[in-house]
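Here is a short briefing to keep beside you as you look through the model. Please take a moment with the sequence and the structure before reading on.

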Amino acid sequence: MNDSTKPLMTTLPEIVDDLILERVRQLLEVPANSPLKESDLKKLALNTKRLSDYFTKKVEERPEFYLKDDRLMAAYLAYFLPSNLLKVNKALSELMLHPAVDQFTDCGGKLSVLDVGCGPGTATLGLINFLAQLEQREGPLSLNLMAADNTQQCLDEASLMPRRLWNAYSEKLPENRLADLTVRTVKLDMSKINEGLCGERFDLIILANSIGEILADNSRVDMGCDLVETLMEDHLEARGGMLIIEPALRDSSRKLLMIRDELLARGRSSVYSPCIIQDKCGALDNPKDWCHEGYGWAMTSLIKEMDKRTGFNKSQLKYSYLVLRKDGMTLQDILPADGGENFRVVSDLLIMKGERKVFLCGQRGRIQLGRLDRDLSDANRQFDEIRRGDIVEVKGIYQKGEVLRIDKEGSVRVISSL
Ligand SMILES: C[S@@+](CC[C@H](N)C(=O)[O-])C[C@H]1O[C@@H](n2cnc3c(N)ncnc32)[C@H](O)[C@@H]1O
């Protein structure tokens with residue numbers, strides 16, 4: 001397991017940024033290649049704020065088909081799409097770590113994908129960006145995409161934007177690595193998913209920042225489970241993967257964790273990642289906890305401009321994710337089992353006076369592990385380098401009162417740092 005994919009995680013290629021900017025200009029009726037004027041930037045910032053309110057503090061005021069408004073769509077493309085697009089990379093890279101998962105390398109050169117609540121095709125754009133940069137593939141790859149949403153304008157964008165990106169990458173890439181792209185769209189309501197999908201099956205199903213929109217309150221977590229289970233049972237290939245991404249807000253992230261626990265209790269799916277255990281989620285024990293990814297990225301210049309004007313801060317890619325499978329394969333299968341304990345790092349490293357601490361999740365549940373500065377040794381030096389989202393192997397954990405620690409003899413090894 002290595003970290004060669006880091007630039008892929010954190011940088012939006014120019015080809016993608018250019019495509020998004022071009023579409024933002026079109027929606028704002030700005031001539032091609034002209035810079036956005038002060039009045040355009042002002043309107044974009046205003047609509048970015050409106051959208052952000054609809055996603056956070058004014059959810060109840062959000063119109064049902066909010067992205068049908070070109071001004072809101074332009075703001076979505078400018079501010080939300082670039083970071084959301086990159087969020088698929090980690091989960092897809094983790095799927096590729098498993099030698100028995102052949103989603104992108106051996107699907108007969110044809111990959112079929114369903115993107116539910118697709119918006120302007122964000123996750124699919126992320127997938128195309130990911131596939132375009134895959135070096136392991138042999139032979140050309142064709143993508144058969146079905147984009148589903150309840151808003152026609154989203155379906156129009158989800159049809160247009162992936163085609164444009166696919167064509168741009170096809171022209172640029174050697175040996176025609178990206179062969180054919182087929183895009184179909186279906187207008188449907190996620191809460192009645194089967195009515196639109198006619199029993200078709202896919203290798204990969206993505207629900208990115210969409211399931212939360214049908215779960216107004218925690219009592220509707222069952223509805224989320226039913227949606228995911230129906231998609232998995234009726235529309236996912238036996239060896240397919242299901243990727244769910246949600247914002248890293250406490251409420252949406254906790255709903256995703258509740259869906260995770262309920263799906264595991266129902267017994268028909270397993271969590272491939274990020275969890276390396278199939279037990280109940282420890283973050284749900286304390287109502288203040290949740291679980292999310294978070295790392296810096298190279299913000300686009302338009303996002304920096306919007307941050308300046310709105311007072312927002314998008315310098316981190318923050319999200320919660322869940323990869324589910326029904327063939328029982330998990331990331332846990334390929335972790336070393338040589339006497340150490342494996343954990344997912346679920347917090348940033350806390351640097352305190354004389355001690356460093358971090359929250360970890362593994363067979364012991366969710367624990368806080370500390371190491372005193374005076375116990376720094378060659379064996380545990382990597383404790384200082386671990387970051388949220390890494391997978392680590394730890395040896396020599398001991399209990400001192402309420403506290404779990406490692407000392408000089410204890411060891412820490414980062415085994416995956418995507
Ligand atoms: C926040 S956007 C996410 C779009 C995209 N997946 C992304 O990650 O950028 C939520 C999407 O879910 C769609 N949506 C909301 N409720 C829906 C429903 N009941 N049925 C189908 N789509 C729905 C919205 O139209 C919107 O496109």
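The centres of domain 1 and domain 2, taken over C-alpha atoms, lie 32 Å apart. Please keep in mind that this is a predicted model. The notes below take the domains, then a pair of helices, then the ligand.

**The two domains**
- Domain 1 covers residues 6–333 of the protein chain, and domain 2 covers residues 336–416.
- Where the two domains touch, domain 1 supplies 10 residues and domain 2 supplies 11 residues.
- On the side of domain 1 that touches domain 2, you will find 7 nonpolar residues, 2 polar and 1 charged.

**Helices H3 and H11**
- Helix H3 spans residues 38–55 and helix H11 spans residues 301–310; their axes come within 9 Å and cross at roughly 75°.
- Angles of 65 to 115 degrees count as roughly perpendicular, and H3 and H11 are therefore roughly perpendicular to each other.
- From H3, the contact is made by Leu41, Leu44, Ala45, Thr48 and Lys49, while H11 brings Glu305, Met306, Arg309 and Thr310.
- Sorted by class, this contact of H3 with H11 has 4 nonpolar, 2 polar and 3 charged residues.

**Around the ligand**
- The ligand has 20 residues around it, and those that come nearest are Gly117, Gly119, Thr122, Asn150 and Ala208.
- Two elements give two or more residues to this shell: helix H4 (70–86) and helix H6 (122–132).
- The shell around the ligand is made up of 8 nonpolar, 9 polar and 3 charged residues.

Definitions and conventions
Residues numbered from 1 in each chain as written. Predicted model: local features only at pLDDT ≥ 70, side-chain atom pairs only at ≥ 80, totals over all residues. Near = placed C-beta within 6 Å. Helix = DSSP H or I, 4+ residues; strand = E, 2+ residues; numbered from the N terminus. Nonpolar A, V, L, I, M, F, W, Y, C, P; charged D, E, K, R; others polar. Axes fitted to C-alpha atoms, helices over the stretch in contact; angles between N-to-C directions. Parallel < 35°, antiparallel > 145°, perpendicular 65-115°, else oblique. Contact = placed C-beta atoms within 7 Å. Domains from an automatic or database assignment.
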